[in-house]
Amino acid sequence: QVQLVESGGRLVQAGDSLRLSCAASGRTFSAYTMGWFRQAPGKEREFVSAISRSGSMTYYTDSVKGRFTISRDNALNTVYLQMNSLKPEDTAVYYCAAGRTWSPADFGSWGQGTQVTVSS
């Protein structure tokens with residue numbers, strides 16, 4: 001298991017940018033595919049983005065393509081989510097997760113979440 005702590009969420013205005021960070025400790029960080037999920041009030045959790053163990057491959061859900069960028073620094077045991085051109089519909093609790101594969105069902109370690117609120 002790996003322990004994850006997210007940070008960076010806050011209240012911003014539409015069009016603003018925000019960078020989320022997720023610091024990992026415990027087992028070898030570079031052994032995990034890392035992902036970002038989000039959950040808005042009254043909605044199901046959504047798989048937003050993921051990055052391979054080396055950082056060479058990434059995934060984005062359609063609604064964030066071209067606006068969000070995921071990256072990782074294996075030396076710092078940290079994964080980031082750069083969010084640009086934020087929209088009110090991006091408002092959610094954002095969770096960092098670690099998994100063995102790209103499948104959302106395989107992400108077994110989770111952070112506590114960080115709130116992102118985008119005002120119109």
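Trainee: Where does serine 52 lie?

Mentor: This is a predicted model, in which local features need pLDDT of at least 70, side-chain atom pairs count only at pLDDT 80 or more, and totals for chains, interfaces and linings use all residues. Residues are numbered from 1 along each chain as its sequence is written, and side-chain values use heavy atoms, with hydrogens and water left out. Strands are DSSP runs (E, at least two residues) numbered from the N terminus. Serine 52 lies in the loop between strand 5 (46-51) and strand 6 (58-60).

Trainee: Is serine 52 buried or exposed?

Mentor: Buried means under 20% relative accessible area, exposed over 50%, and partly exposed in between (1.4 Å probe, protein chains only). The relative accessible area of serine 52 is 5%, so serine 52 is buried.

Trainee: Which residues is serine 52 in contact with, leaving aside its neighbours within four places in sequence?

Mentor: Contact means heavy atoms within 4.5 Å. With those neighbours left aside, the residues in contact with serine 52 are Thr33, Met57, Arg72 and Trp102.

Trainee: What is the relative accessible area of methionine 57?

Mentor: Methionine 57 lies in the loop between strand 5 and strand 6. Methionine 57 is partly exposed because its relative accessible area is 45%.

Trainee: Which residue's side chain is joined to that of tyrosine 94 by a polar contact of 2.9 Å?

Mentor: Tyrosine 94 lies in strand 9 (residues 92-99), and is buried, with a relative accessible area of 0%. A polar contact is a pair of N or O atoms within 3.5 Å; within protein, one must be able to donate a hydrogen and the other to accept it, and residues adjacent in sequence count only if both atoms are side-chain atoms. At 2.9 Å, the side chain that meets tyrosine 94 is that of arginine 38.

Technical notes:
Helices (H or I, at least four residues) and strands (E, at least two) are DSSP runs, numbered from the N terminus.
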